[in-house]
2 protein chains.
Amino acid sequence: MNDDLRGAAIRVERPAKTLRELALDKVREAIVNGYFRPGDRLVERDLCAQLGVSRTIVREVLRHLESEGLVANLPNKGPIVALLDLGEAKQIYEIRGALEGMAARLCAEQGNPAIADALDKSLQDIRNSYQDRDMPGVLAHTSSFYQTLFSMVDRHVAWGVVNLLTVRINHLRSMTIKTENRGVQGPAQMARIVDAIRRGDGPGAYQAAMDHVASASAIAEAVLSGQQSID
Amino acid sequence: MNDDLRGAAIRVERPAKTLRELALDKVREAIVNGYFRPGDRLVERDLCAQLGVSRTIVREVLRHLESEGLVANLPNKGPIVALLDLGEAKQIYEIRGALEGMAARLCAEQGNPAIADALDKSLQDIRNSYQDRDMPGVLAHTSSFYQTLFSMVDRHVAWGVVNLLTVRINHLRSMTIKTENRGVQGPAQMARIVDAIRRGDGPGAYQAAMDHVASASAIAEAVLSGQQSID
DNA sequence: ATAAGTATCTTGGTACGCCATAATACGGCT
DNA sequence: AGCCGTATTATGGCGTACCAAGATACTTAT
């Protein structure tokens, strides 16, 4: 076991990623940032060619994405990129509200100033990204903000759920953050969460997190019903 | 279209389930009710033989269960039945509390007496199962109770999340319900949820649902730490 | 007895082939 | 010309066989 410890120090961190995992990431990413659009068919043999892997891998990847809700399987027709229904999107925002609110409350009750400091740092990254019009950066840092929220109170299961649900509404997210004033209101609402946490105000943090998600949901609904014709 | 209606009546209801789905259900069930124990290795070719299907299917099934959290994949060793650690179990109970509380509150705010009636019916089923010492029945009807809670307010996404998480703690559930007095306390706590819903008391319903899960969590923790040596 | 080499087990991954079904194109018949 | 039945194609569902590489157990030679 001593050997284990010494070995660990110099262990060569191999990628360790299997081909399947790489392919999974590629396809998920392709869906999430719109290379494949909702409703597009995902023909197994075509994906094999595009990814350069065998059908076995492609099938496993499709199964995985199916269980993530990113891909739907039509009987006798095959897999397509899942269509996002407005009602479902609202449900996802609602769940995020419940879980992020919970995490925020727990952070506040923790009474550890380091939490609020870490969140402030993420928040500043978000503001900077908005200023630079770097929208992918906004999304990434927003994710990072919430990941901090969950991981600071050791709630990785809840974080996993939130993450899982979030990829399904990713294109909605990228639309909401481009909305007028969102670059100001969003960070302001998140700052309220951080403030409540710093004050140790559990219910306040909960409410602030709920409010933030609720406003995102409202914007998403407006955007989605406005663009219904395009879909 | 008239033809459709007449045709539907005599349509031969094909299984429509693919072999993969059947195999998935079999393996999931085998894990959930303990035929495969946590930590057991799931050797692909053995599963092929036991299920009577090809490796293609088995691999897809294992991937699927992996993304459900029921199966873990050790690098260079292969899949095993996921081990449940206490902290994770507590997190799952906590999430269930948040979501079931949310659903209960929504049910109460709905102001539809049919909801409470339907829940009462499930509750009676649970009581009967307890009386008959039919533990699988208790679990099934408890699931049904919560499914009603979610589906009555059209929250199938949240129900999906709860369901997903619940299978991971299934063996804990089957232990908690065998606890002394649980056959009385459990239904009593659930009755409080139903009462609050019938009164239209949103916060009360929320709190009652939280309390029920919290007590289940406490029992699970006691059971788990008591049996730690057996694991 | 021990270190080195070897065999075995198992997964990761690939290639190929077969069958069933749905959709489409085609071609013959009236 | 128009319609109906058939052939073809596209595609998913499923199976088999094979190879490479890592891990582990087992020999064997010194």
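Analyst: Start with the largest nonpolar core, which has 97 residues. A nonpolar core is a set of buried Ala, Val, Leu, Ile, Met, Phe, Trp, Tyr and Cys residues joined through side-chain atoms within 4.5 Å. Buried means under 20% relative accessible area, exposed means over 50%, and partly exposed is in between (1.4 Å probe, protein chains only). Inside this core, L99(A), I197(A), L99(B) and I197(B) have the most contacts.

This is a predicted model: local features need pLDDT of at least 70, side-chain atom pairs count only at pLDDT 80 or more, and totals for chains, interfaces and linings use all residues. Residues are numbered from 1 along each chain as its sequence is written, chains are lettered from A and ligands numbered from 1 in the order in which they are written, and side-chain values use heavy atoms, without hydrogens or water.

Now take L99(B). Contact means heavy atoms within 4.5 Å. Setting aside neighbours within four places in sequence, L99(B) touches I95(A), A98(A) and L99(A) in chain A. In chain B, L99(B) is in contact with F150(B), A158(B), V161(B) and V162(B). There is also a second, separate core of 20 residues, including V27(B), L42(B), V81(B) and V167(B).

Next, the rings. Rings of Phe, Tyr and Trp (its six-membered ring) pair if their centres lie within 6.5 Å; planes under 30 degrees apart are stacked, over 60 edge-to-face, and the rest tilted. Over all chains, the count is 6 aromatic pairs. One of them joins Y35(B) and F36(B), edge-to-face, with 5.1 Å between centres and 65° between planes. Y35(B) counts as exposed because its relative accessible area is 57%. F36(B) has 12% relative accessibility, so F36(B) counts as buried. Another pair is F150(B) with W159(B). That pair is tilted, at 5.9 Å centre to centre and 40° between the planes. F150(B) and W159(B) are both buried.

Charges meet rings too. A charge sits over a ring if NZ of Lys or CZ of Arg is within 6 Å of the ring centre and within 35 degrees of the ring normal. The charged end of R96(A) sits over the ring of Y146(A), 5.8 Å from its centre. In chain B, R96(B) lies over the face of Y146(B), also 5.8 Å from the ring centre.
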